[in-house]
Amino acid sequence: MATEQPVASIRRTQLDWLLRFAVAGALVGHGAYGAVLARASWFGYFAVLGFSQSTVESTGLVRIIGGAEIALGVIVLVFPAPALLLFLAAWKVFSELLRPFAGEPFWEFVERASNMVAPLALLYVRGWPVFIAKWFET
Amino acid sequence: MVGPVASPRETASLVPMRRGAFGDAGPLHWMLRVACAAEFVGHGAFGIITKAAWVPYFGVLGIPPELAWKLMPVIGTIDITVGLFVGFVRPARVLLLYMAVWGLVTATIRPLSGESIWEFVERVPNWAIPLAFLSVRGFGRSRREWLA
């Protein structure tokens, strides 16, 4: 039986951590736009989903969603469970798609391809679980 | 080959990691390749159509606005060309290295121009994904491999 070369194990570990930081950066950075910077553009994204600006302001949705993204970004760094990675991949595609629907250039969505692919790539590298219980383990 | 049915820990001792074997075939190669290509085409598009927000980035390097507006389409053309080449021709290692370095430079220049540090944080994938793709393909050991 062939055994893995040590350098290959190091490469796999490096790749795993590189992708973890990519996913974490995408989530934490984007979440900070809302929770820390309170970007006005976020009102446009919520408007696409039918939330008026007054509703968003009164409920603090920008800070809540932004804070949740930051939290998930930190969590995925230390606990990259497959289910979480799959959710984050879908979330990134969904949240970035809001940009063109909110009136931003479509290239803003295209340019963020790496942000959307990172969770999927990490999921592939770590392995697509066969058993349901494995989806919530690392 | 390491595939989508078992964890890395389970397969680590079973599958020999040939140079490039992990990446030069299959879903991971194409995921990373499409991401790199789309990132550069999207970024380059803004250079072609020009973007006022880019002027301060040139200012960090001491380039005045008049010259910045002229350089934007040049940079945009280079970005799009590199993106399309990587996407449709071949993801040459030297280009992936260029993408990683350029992604890091453009991400770093934003806080240096006065924007929030979170602009850099959100753009970590811009350089990390090309670097990951290069890692998957393996660094070149000869000039020929760097061009391949």
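Figure 1. Helix α7 of chain B covers residues 124-137. From its first C-alpha to its last, the helix reaches 20 Å, close to the 20 Å expected at 1.5 Å a residue. An α-helix has 3.6 residues a turn, so residues three or four places apart point the same way.

**Figure 2. The residue that follows α7(B).** Directly after the helix in chain B comes B:Gly138. The phi angle of B:Gly138 is positive, with a value near 95°.

**Figure 3. Confidence along chain B.** The average pLDDT of chain B is 87, and 83% of the residues score at least 70. Over residues 1-21 of chain B, by contrast, the pLDDT is below 50. Where pLDDT is low, the predicted coordinates should not be read in detail. For the model, the scores are ipTM 0.91 and pTM 0.88.

**Figure 4. The surroundings of A:His30.** A:His30 belongs to helix α1 of chain A, which comprises residues 6-35. With a relative accessible area of 4%, A:His30 is buried, because the cut-off for burial is under 20%. Leaving aside neighbours within four places in sequence, the contacts of A:His30 within chain A are with A:Gly25, A:Trp42, A:Glu69, A:Lys92, A:Glu96 and A:Arg99. A:His30 is also in contact with B:Glu122, a residue of chain B.

**Figure 5. The fold of chain A.** Chain A contains seven helices and zero strands. Along the sequence, these elements follow the pattern α-α-α-α-α-α-α. The C-alpha atoms of chain A fill a box of roughly 65 × 30 × 25 Å along the principal axes. Among contacts in chain A between residues at least 6 apart in sequence, 69% join residues at least 24 apart.

**Figure 6. Burial, surface and charge in chain A.** Chain A has 138 residues, of which 49% are buried. The chain exposes about 6,400 Å², and carbon and sulfur atoms supply 73% of this area. Its charged side chains comprise 10 positive and 9 negative ones. The centres of these two sets lie 6 Å apart.

Methods: Residues numbered from 1 in each chain as written. Chains lettered and ligands numbered in written order. Predicted model: local features only at pLDDT ≥ 70, side-chain atom pairs only at ≥ 80, totals over all residues. Heavy atoms only, no water. Helix = DSSP H or I, 4+ residues; strand = E, 2+ residues; numbered from the N terminus. Buried < 20%, exposed > 50% of the residue type's maximum accessible area, 1.4 Å probe, protein only. Contact = heavy atoms within 4.5 Å. Areas by Shrake-Rupley, 256 points an atom, 1.4 Å probe, with all protein chains shown as cover. Lys, Arg positive; Asp, Glu negative; His and termini not counted. Charge placed at Lys NZ, Arg CZ, Asp CG, Glu CD. pLDDT = per-residue confidence, 0-100. Expected span 1.5 Å × (residues − 1).
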